[in-house]
Amino acid sequence: HIRQVPRPYPQRGWVLISVRAFGLNQSELHMRLGLAGGVTFPRVPGSEAVGVVAGCPGGEFSEGQQVATFGEGMGRAFDGGYAEYCCVPVAQVVPFRSDLDWTTLGAIPVMLATANGSLTTGLDAKEGQSLLIRGGTSSVGMATAVLAKRLGMRVLSTTRQEGKALALTDIGVDEVILDDGQVAGRVQSMVPGGVDAALELIGAPTLPDTLRSTRVHGVVCFTGMLSNQWIIDKFYPIEYIPRGVRLTSYSGRAADLPPAVLQGFIDAVSEGAAVVPIGAVHHIDQIVEAHTAMEEGRVAGKIVVLT
């Protein structure tokens with residue numbers, strides 16, 4: 001529901017942001033469906049936003065400075081980015097400078113932080129390795145493919161809809177795999193022995209098959225839950241995890257996106273050296289339509305909302 005609420009005012013240690021755009025994330029869908037923990041009500045949702053500083057009592061940021069914010073209680077424990085103004089802790093604010101439009105900038109923070117963190121912390125990815133992205137047309141999946149290709153990796157990416165395959169090849173994916181729930185055999189035929197690294201974005205239902213797609217001493221990182229299922233029933237590690245395959249996980253934090261990383265990616269986009277996979281753009285009064293599109297999986301790439 002769209003409502004008028006009082007404009008927030010920051011205390012010392014917090015920053016008031018005039019929100020210009022925000023991206024939609026699965027975590028907000030989980031929150032709306034009642035599947036997320038740590039939520040108090042009433043609550044303005046939204047786990048990320050970009051805009052300009054409208055107030056900062058501690059002086060850590062200047063008014064008018066461009067900033068991004070995301071994660072760590074935003075939209076759950078305190079009001080989030082689905083609003084014209086949001087108030088967040090200083091530690092969750094990342095500054096940047098850019099002449100890019102707010103639509104492009106609004107798509108970046110969580111998508112970049114999650115993709116970059118999954119590749120570095122979760123997978124320890126290296127140039128020349130092969131990477132399977134399970135859930136490839138999600139915003140994080142597409143951002144990971146962009147970063148992985150810049151790193152010099154061979155990228156295999158899955159989609160359940162044949163019509164979305166072109167969206168993956170357009171951003172540089174080497175092999176697109178139509179996902180019917182069982183892709184390990186096709187992955188093993190493309191990369192004998194299995195891929196070096198795999199990013200699981202669908203969740204518990206496909207994780208066993210993703211593990212079987214990965215070579216001995218290869219790494220699978222569990223990052224996403226597009227299926228809305230993240231609990232593994234009757235988990236028996238020796239039976240569940242193939243011999244020698246390594247299983248890790250990643251969940252993003254604002255500290256995992258240093259200003260230099262964010263600025264470097266934004267500059268690369270400005271120079272045409274990187275792309276931001278935007279699937280749809282809405283205005284804030286279309287938030288119901290935007291969430292419905294996300295829930296039904298109709299969009300390849302990031303859904304961005306302008307205020």
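Isoleucine 133 has leucine 199 as its bridge partner in E9. E6 and E9 run parallel and are joined by 4 bridges. Please keep in mind that this is a predicted model. On the other side of the pairing story, isoleucine 133 also stands opposite serine 157 in E7. E6 pairs with strand E7 (residues 154–159) in the parallel sense, again over 4 bridges. Leucine 131 takes part as well, with valine 155 as its bridge partner in E7.

| Residue | Partner | Partner strand |
|---|---|---|
| Isoleucine 133 | Leucine 199 | E9 |
| Leucine 131 | Valine 155 | E7 |

How many residues of E6 are buried? The strand is mostly covered, with 5 of its 5 residues buried. Leu131 and Ile133 point one way from E6, while Ser130, Leu132 and Arg134 point the other way. Going on from E6, the chain passes through H4 to reach E7, and this β-α-β crossover is right-handed.

Now let's step back to the whole sheet. It is open and has 6 strands in the order E8-E7-E6-E9-E10-E11, with parallel pairing. Strand E8 (175–178) and strand E11 (246–249) are the edge strands, each pairing on one side only. From one strand to the next, the twist averages 20°.

H3 lies across E6, E9, E10 and E11, and runs at about 140° to E10. H4 also packs on the sheet, where it touches E6, E7 and E9, and its direction makes about 170° with that of E6.

Leaving aside residues up to four places away in sequence, leucine 131 touches several residues, including Leu119, Leu123, Thr144, Ala148, Met153, Val155 and Leu199.

Two other residues are worth a visit. Isoleucine 171 lies in the loop between helix H5 (165–170) and E8. Why does isoleucine 171 count as buried? Its relative accessible area is 15%, and buried means under 20%. Beyond residues up to four places away in sequence, isoleucine 171 touches Met142, Ala145, Val146 and Val275. Isoleucine 171 and serine 227 are 56 residues apart in sequence, and their C-alpha atoms are 24 Å apart in space.

The second residue, histidine 282, lies in strand E12 (residues 278–283). Histidine 282 counts as buried because its relative accessibility is 10%. With residues up to four places away in sequence again left out, histidine 282 touches Glu289, Ala290, Ile303, Val304, Val305 and Leu306.

Conventions:
Residues are numbered from 1 along each chain as its sequence is written. This is a predicted model: local features need pLDDT of at least 70, side-chain atom pairs count only at pLDDT 80 or more; totals for chains, interfaces and linings use all residues. Side-chain values use heavy atoms; hydrogens and water are left out. Contact means heavy atoms within 4.5 Å. Two strands pair if DSSP finds at least two bridges between them. Helices (H or I, at least four residues) and strands (E, at least two) are DSSP runs, numbered from the N terminus. Axes are lines fitted to C-alpha atoms, for helices over the stretch in contact, and angles run from 0 to 180 degrees between N-to-C directions. Buried means under 20% relative accessible area, exposed over 50%, partly exposed in between (1.4 Å probe, protein chains only). A crossover is right-handed if, with the strands pointing away from the viewer, the path from the first strand over the helix to the second runs clockwise.
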